[in-house]
Each structure stands twice: as C-alpha cells, then as structure tokens.
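We will walk from one stop to the next.

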Amino acid sequence: MDKKLNFNFKLPLRYHIIFWLGYFIFNVIRFGSLNDDYWYSVKSNLLVEFPLNIIITYFTIYYLIPKYILKKKYIQFFFYFTSSLTLFYFLKTGLTYFLVTKNIWPEEEGIRKAFTFNHIVEVTIGYIYVVTFVSAIKLTYDWINEKRRNEELKKIQLQTELNFLKNQIQPHFFFNTLNNLYALVIAKSDTAPDVVLKLSEIMQYVLYEAKEAKVNMLKSLNYTMNYLDLEKIRYGDKVKSSIDIKGNIDNIDIPPLLFLPFIENCFKHGTQNNNDIIVEIYFEITGNFVYFTVENTFDNQNITPTNHGIGIQNVKRRLQLLYPGNFMLKNEIKENKYIVNLKIPVE
C-alpha cells in the first residue's frame, strides 16, 4: 500500500488566535495593574500595542528571518529589523498620543515625554521581547516538525528499500525453481507435474501473503517445507531433511522470505557430488527471540561455500534494516557440515 505523505506543518489559525488572545489578556492585566487604570490598558493594547505587535512579529518571522537570516544575510536583516523598530516606535508614539492619551507614558511616574532615550529603549525592548518570544516558539515548532519530517522520510526510505529487497528475492527464487523444472521436462521426468503443483502453492505465498511486513511463522514454515519437497522431487532419495521446532510458534510473526536463502544455499553447496544431501533445520523460541539454525553436508575439500549470492546478501541487508544492532548471524564449518545460526527478536 502506497503511503501518502503530508508535510504541511503550518500552525493552524486557531493556535495563532489563542496565543494572541492570551497575550492581550496578559498585557491588559499587567499594564492595568501598574497604575490601576484597566480602561486605559484595554484601549492602549487594543488600539496600539496589540495590532503593532502582531504586524512587526509576523513581518519578522515570516519575511525577514526567511529572507535574510536563513540565507545568512545578517547585515541586511539587522538593517531592516532596526528600520522596522524605528518605524513602529513612531507609530506607537503617534497612535498613543492621538487615540489613547496625551501622556504617552503613563506607566511611569509623572508626565514623560516621547523621543527621550528611556522611552525609546522601553518601547524598543518591548517589541524585541515579543518578537523574540514568538520567534522562539515558531523556530521550535519548525525544528520539531522538520525532525518529524526527516524521521518520516527515513522511515519511507527504509520501507522502500525493504520492499525492494523482498521483491528482489521473489524472481531470484522463481528463476532457480523454473530452471529445475526445465531440467525435469527435458529429462521427461514423471515428477514435473508435482513440481508445478508445489511451485503454484509457493507462488501463492510469495505473490500474496509475502507482501505483508510480517507473516505468521507457521505459514513461513509451511512454505519452507514446500520448498524442501520441491528439492526432494528433484533429487529423489538423495535428500534427507528434518525440521525441529521448540517453543510455541502460533503467535510469532516474522519478516517473510527470511529463511529461504539459507535453505537454498544448502542445495547449492550440497549437490556437487553424488553423496546424500542432509539438511537439518532447527527453530527455537526462547524469551523474545527466534533462533534459527540450518546445517547441511558438503565436501569441504572440493568446495568453499560463499555468501556472495543475491539471496544471502539480500537477507543480511534486510536484517540490518529491520533489526539494527539487535540480531546475530554467523556461519561456520565443522568437519563436513556448513552451519548457519540466526537470532532475531520477535514482537
């Protein structure tokens, strides 16, 4: 199933409204309590402070910062930001004088005049405080969402690679099996129809059930046994195989097509002479882990098993993606046996 990505991280309008409404109420109470004149505080904030703060804040975070800070044009940003502070100082002073009170700084004792150093500093710091506070919120919100976006892209990339690896193993398997079927047909073997039937059962599993991220382990074992039956049809009584299971596998889910390449390897390296092909498979469920072991006979004097086929390299990469740092895969040679041990966590 294709996943539709949605990276629209714009803050909903209701959150802007909630923030500025809270800011307005806070300022009304704060300035009203300074000189015990809440009506003045309402007029001052509603007619002057509130709209000017909104304008300079959004102008800074949605225009100046993206256009200059993010492009490392710091001098231009400083120039335009300073110019905007100057402009807003004049606007605040004028609007306060004409719309609110002739005493443009009633919060201070006595009558204070505009354009003095202290008044300029007071107004400027007020605007810088609001812009800085809102910018910090905006940048934090953007950082969180950018991090979430990167994690989502990483997850999609991981899933894409996993799907590619899983799909890669399907034609690899069918190619090998069809080659076997071709050889049986050429030899006019009576077992060819049985191969077709077994192959059709496996195709149903690979094409449909194996599309899922996880499959029930019991189904995976049935698939493994069908594959062993195919090889027995091909090689006859030469194949001696066994599967030993310890623990309850009913509720265990594992990645599909995970064990097959190792079992294919048994026949790849165990058919170089006329000796019997002995394949022993062990599954054990212990705690939160599945232990898988497969042993096969081979002539270690005439053949050196390698792991450079598509299947084995495919499984190694899938394990690295699925269980980074939380799986164990090793192989070893003991006398005339080639042994693979795999340990994976289960959910």
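Is Trp20 buried or exposed? Select Trp20: at 5% relative accessibility, Trp20 counts as buried (buried means under 20% relative accessible area, exposed over 50%, and partly exposed in between, with a 1.4 Å probe and protein chains only). Before moving on, note that this is a predicted model, in which local features need pLDDT of at least 70 and side-chain atom pairs count only at pLDDT 80 or more, while totals for chains, interfaces and linings use all residues. Residues are numbered from 1 along each chain as its sequence is written, and side-chain values use heavy atoms, leaving out hydrogens and water.

**Stop 1: around Trp20**

Trp20 lies in helix H1 (helices are DSSP runs of H or I with at least four residues, strands are runs of E with at least two, and both are numbered from the N terminus).

**Stop 2**

Show residues 13-35 as H1 next to H2: their axes come within 9 Å and cross at roughly 140 degrees (axes are lines fitted to C-alpha atoms, for helices over the stretch in contact, with angles from 0 to 180 degrees between N-to-C directions). That makes H1 oblique to H2 (under 35 degrees counts as roughly parallel, over 145 as roughly antiparallel, 65 to 115 as roughly perpendicular, and the rest as oblique).

Bring in H3 next. The axes of H2 and H3 come within 10 Å and cross at roughly 165 degrees, which makes H2 roughly antiparallel to H3. This crossing of H2 and H3 is right-handed. Their contact holds 21 nonpolar, five polar and three charged residues (Ala, Val, Leu, Ile, Met, Phe, Trp, Tyr, Cys and Pro count as nonpolar, Asp, Glu, Lys and Arg as charged, and the others, Gly among them, as polar).

In the loop between H2 (38-69) and H3, pick Lys72. Lys72 is not a glycine, yet has a positive phi of about 60 degrees. At 65% relative accessibility, Lys72 is exposed.

**Stop 3**

How many aromatic pairs does the structure hold? There are 22 (rings of Phe, Tyr and Trp, the last by its six-membered ring, pair if their centres lie within 6.5 Å; planes under 30 degrees apart are stacked, over 60 edge-to-face, and the rest tilted). Select Phe77 and Phe81: their ring centres are 5.6 Å apart and their planes are at 5 degrees, so the pair is stacked. The two residues are four apart in H3 (residues 74-100), about one helical turn. Phe77 is buried at 17% relative accessible area, and Phe81 is buried at 13%.

Phe90 and Phe115 come next, with ring centres 5.5 Å apart and planes at 45 degrees, so this pair is tilted. Phe90 lies in H3 and Phe115 in the loop between H3 and H4 (117-186), so the pair ties together parts 25 residues apart in sequence. Phe90 is partly exposed, at 47% relative accessibility.

**Last stop: Lys343**

Finally, select Lys343 and Phe289. The charged end of Lys343 sits over the ring of Phe289, 4.3 Å from its centre (NZ of Lys or CZ of Arg must be within 6 Å of the ring centre and within 35 degrees of the ring normal).

How values were computed
Left-handed = near helix turned anticlockwise from the far one by under 90°.
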